[in-house]
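Work through the exercises below with the sequence and the coordinates open. Each task is followed by a solution in steps.

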Amino acid sequence: MSNAKKGVRLENVSKIYIDPKTNKEFKAVDSINVTMAPGDFITLLGPSGCGKTTTLRMIAGFESPDEGEIYLGDQAINSLTPNKRDTAMVFQSYALFPHLNVFDNVAYGLKLRKLPKEQIRKKVFDMLDLVGLEGMENRYTNQLSGGQQQRVALARALVVEPGVLLFDEPLSNLDAKLRVYMRTEIRRIQQQFGITAIYVTHDQSEAMSISDQIIIMNKGVIAQTGTPREIYYHPNSEFVADFIGEANFLRGQVAGLEADLMLVEVQGVKLPVARPASAPAVGQPCTLMLRPEAVLLREQGVLPCKVILSCFMGSYQNYHVMVGDTLVKIADNYPVGRRVFQAGEQAWLDFGKDNVHVL
C-alpha cells in the first residue's frame, strides 16, 4: 500500500449521551487516553455497553467526541467528516450494495476518487485475488455466502489504501467455524499490508488470537491495555481476569514478605507466591488468581480440596473442586497416564508459585 502507516491517539476523549428514561447525562466514553502504534492490530474488547463501539465510531467520524481530541498520525481529526479521514470501515452488516456486482462494490470508493478505469480495474482484480474471490467479480451479493460477503467488504475497505482500517464486530454474523477461518484471514491480510487496524469485538478468543494490543473497556473507561499475553497472565483486576478466559480467585491474607516471595495464608495454609512490585503489607487481605490450566489435581499438593465434578472432555479432564467454600475449576490438559479423580473424592491442588498472579 502506498500510504504510510499511521497511528491513532485519543486524548481525554469523552462521549456524553442523554438517558431517555431518566433524561440525565451519562458518559458512554469517559475521558480515555490511549495511543495506538502504527502498523499494530489493536482490539477494543469489553461487554455490551462498555463504550468500545462508540470509541470506534468517533475515530471513524460517525460520532463526535464531546470532550478531548482524536489524532490520526499527527493530524487532529475531530472536525473532519468521515470521507475526509484516512480511514475505512468494515461493518458488522457488511453494508454492501445489493444492486451492484462484486466488482462494482469493491470499485465504489475508487470511482468516487475518479481514478482512471484501467487503474481501477487492476486494483480491484488484485484485491479480489488477495481476498480469495478471483472469478467472482460478476456475481451479485445475494449470490454469495456470508463469508464471501465479508471478503467483499474487506476488499472494498482495503482497495482505497486507508491509513487505518476499522472493524465493527465484522464476524458476528458468521458461524463459529467460519469465524475462526475469517479472523485468521483478516490477520494475515493486515500483516501482509502492515496497515494499522482497530477491531471491535466482545469475543475474548477472537481478541486473543489476532491482536498485537488489546484495550479492555468497562463502563466507558479503559480497564487495561496490553498484549494478549500480558492481559491473560497479568490482569490488573478481577474484572479483567474474569473477562479474559476463565479464572479462579482464592481469598487470603498476607502472612509474610521476603525479597522475591510473599506468603499468603489461604484456608490455613501458607502459600509462597512471587512477590508483586506493589505487595500488600503483612496482615492485609489478598486475592490470588489461578487459571484453570495452571492447576493440577494430585494425591498430595499445596491446598486440600474436595472434587464435586469430574468430566472427560477429550483434550482435557474438567474438574470442579471446593477449597473450603470456594469453587475452583481445573482443566487438566491431556491427562493420559495420570490418575483421574471422581466426584466425592478428597484431593490436593498442586501449582507452582509462578502460576499464581496476585491481584
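A residue counts as buried when its relative accessible area is under 20%, as exposed when this area is over 50%, and as partly exposed in between. The model is predicted.

**Exercise 1. Classify E169, K114, E258 and T326 as buried, partly exposed or exposed.**

Solution. 
- Step 1. E169 is in the loop between β7 and α5. Its relative accessibility is 13%, so E169 is buried.
- Step 2. K114 belongs to the loop between α2 and α3. With a relative accessible area of 72%, K114 is exposed.
- Step 3. E258 sits in the loop between β11 (248-257) and β12 (261-266). Its relative accessible area is 44%, and therefore E258 is partly exposed.
- Step 4. T326 is part of strand β18 (residues 326-333). The value for T326 is 18%, so this residue counts as buried.

**Exercise 2. Examine the backbone of E169 and K114: what is the phi of each?**

Solution. 
- Step 1. E169 is not a glycine, yet its phi is positive, at about 40°.
- Step 2. K114 is also a residue other than glycine, and its phi is positive, near 60°.

**Exercise 3. Describe helix α5: its span, its start and its surroundings.**

Solution. 
- Step 1. Helix α5 covers residues 176-193, which is 18 residues. From first C-alpha to last it reaches 26 Å, close to the 26 Å expected at 1.5 Å a residue.
- Step 2. At the start of α5, a side-chain oxygen of D175 comes to within 3.2 Å of the backbone nitrogen of K177.
- Step 3. The buried residues of α5 are R179, M182, R183, E185, I186, R187, I189 and Q190.
- Step 4. The cover over these buried residues includes the strands β3 (41-45), β7 (164-168) and β8 (196-201). It also includes the helices α3 (117-130), α4 (146-158) and α6 (204-210).

**Exercise 4. Is helix α1 largely enclosed or largely open?**

Solution. 
- Step 1. The buried residues in α1 include K52, T54, T55 and L56. M58, I59 and A60 are buried as well.
- Step 2. Seven of the nine residues of α1 (residues 52-60) are therefore buried, and the helix is largely enclosed by the rest of the structure.

**Exercise 5. Find the largest nonpolar core and the elements that supply it.**

Solution. 
- Step 1. The largest nonpolar core has 38 residues. V106, V124, L154, L165 and F167 have the most contacts inside it.
- Step 2. At least two residues of this core come from each of β6 (87-90), α2 (102-112), α3, α4, β7, α5 and β8.
- Step 3. α4 gives the most, with six residues.
- Step 4. Take V124 as an example. Apart from neighbours within four places in sequence, V124 is in contact with F103, V106, A107, L110 and V159.
- Step 5. There is also a second, separate core of 26 residues, and V254, V264, V295 and F341 are among its members.

**Exercise 6. Locate the largest pocket: how much space does it hold, and what lines it?**

Solution. 
- Step 1. The largest pocket holds about 700 Å³ of space.
- Step 2. It is lined by 28 residues, of which T87, A88, G109, R113 and V160 are the closest to its centre.
- Step 3. The elements that give two or more residues to the lining are β6, α2 and α4.
- Step 4. The largest share, four residues, is from α2.

How values were computed. Residues are numbered from 1 along each chain as its sequence is written. This is a predicted model: local features need pLDDT of at least 70, side-chain atom pairs count only at pLDDT 80 or more; totals for chains, interfaces and linings use all residues. Side-chain values use heavy atoms; hydrogens and water are left out. The expected span of a helix is 1.5 Å times one less than its number of residues. Buried means under 20% relative accessible area, exposed over 50%, partly exposed in between (1.4 Å probe, protein chains only). Contact means heavy atoms within 4.5 Å. A polar contact is a pair of N or O atoms within 3.5 Å; within protein, one must be able to donate a hydrogen and the other to accept it, and residues adjacent in sequence count only if both atoms are side-chain atoms. A nonpolar core is a set of buried Ala, Val, Leu, Ile, Met, Phe, Trp, Tyr and Cys residues joined through side-chain atoms within 4.5 Å. On a 1 Å grid over the protein atoms alone, a cavity is a set of points where a 1.4 Å probe fits but cannot get out, and a pocket is an open set with protein on both sides within 12 Å along at least five of seven lines; lining residues have an atom within 4 Å of a point. Grid points are joined across faces, edges and corners, and a volume is the space filled by probe spheres set on the points.
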